[in-house]
Amino acid sequence: MAIDRKSSNFGQAHCVHAAIAYLYAQWLPRSGEELRDFPLFVRRVRFYPDVPEHEAVATIFLPLK
């Protein structure tokens, strides 16, 4: 069964990059999970200029086997 690791990220765009780096560099090796043959994707939930930049929210999906 395929499961997606989902992580919500709040704040500026560079925070999204840091969260993605954490998922690949730290969480994934320790989790015992395997990546599916599908790219990571990001869904922006709230974003600038609709909300102040520090209130932006993005959900990161890391497709797993």
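Figure 1. A search of the whole structure returns 2 aromatic pairs; rings of Phe, Tyr and Trp (its six-membered ring) are paired if their centres lie within 6.5 Å, with planes under 30 degrees apart counted as stacked, over 60 as edge-to-face and the rest as tilted. The pair of Phe-38 and Phe-41 is edge-to-face, because the ring centres are 6.2 Å apart and the planes stand at 85°. Phe-41 and Phe-61 form a stacked pair, at 4.8 Å centre to centre and 10° between the planes. This pair links distant parts of the chain, 20 residues apart: Phe-41 belongs to strand S2 (residues 41-46) and Phe-61 to strand S3 (residues 57-64). Phe-41 counts as partly exposed, at 35% relative accessibility, whereas Phe-61 is buried, at a relative accessible area of 16%. Buried denotes under 20% relative accessible area, exposed over 50%, and partly exposed the range in between (1.4 Å probe, protein chains only).

Figure 2. Helices (H or I, at least four residues) and strands (E, at least two) are DSSP runs, numbered from the N terminus. S3 is largely enclosed by the rest of the structure, because 8 of its 8 residues are buried. Both faces are covered: Val-57, Thr-59, Phe-61 and Pro-63 are buried on one side, and Ala-58, Ile-60, Leu-62 and Leu-64 are buried on the other. S2 and S3 pair in the antiparallel sense over 5 bridges, where pairing requires that DSSP finds at least two bridges between two strands. Ile-60 in S3 is the bridge partner of Val-42. Leu-62 also lies in S3 and, at 0% relative accessibility, counts as buried. The C-alpha atoms of Leu-62 and Leu-35 are 7.6 Å apart in space, although the two are 27 residues apart in sequence.

**Figure 3. The largest nonpolar core.** This core has 10 residues in all: Val-16, Ala-19, Ile-20, Leu-23, Trp-27, Leu-28, Ala-58, Ile-60, Leu-62 and Leu-64. A nonpolar core is a set of buried Ala, Val, Leu, Ile, Met, Phe, Trp, Tyr and Cys residues joined through side-chain atoms within 4.5 Å. H1 and S3 are the elements that give two or more residues to the core. H1 provides the largest share, 6 residues.

**Figure 4. Surroundings of Ile-20 and Leu-40.** Leaving aside neighbours within four places in sequence, Ile-20 is in contact (heavy atoms within 4.5 Å) with Leu-40, Val-42 and Ile-60. Leu-40 is placed in the loop between H1 and S2 and is partly exposed, with a relative accessible area of 21%. Residues up to four places away in sequence not being counted, Leu-40 touches Ile-20, Tyr-24, Ile-60, Phe-61, Leu-62 and Pro-63. Between Leu-40 and Ile-20 the C-alpha to C-alpha distance is 8.8 Å, at a sequence separation of 20 residues.

**Figure 5. Setting of the close-up views and confidence of the model.** The protein contains 1 helix and 3 strands, which run β-α-β-β from the N terminus on. Of its 65 residues, 29% count as buried. Among contacts between residues at least 6 apart in sequence, 62% join residues at least 24 apart. The average pLDDT is 79, and 78% of the residues score at least 70; pLDDT is the predictor's confidence in each residue, from 0 to 100. Confidence is lowest in strand S1 (residues 3-10), at a mean of 51, and highest in helix H1 (residues 13-31), at 87.

**Notes to the figures.** Residues are numbered from 1 along each chain as its sequence is written, and side-chain values use heavy atoms, with hydrogens and water left out. As the model is predicted, local features need pLDDT of at least 70 and side-chain atom pairs count only at pLDDT 80 or more, while totals for chains, interfaces and linings use all residues.
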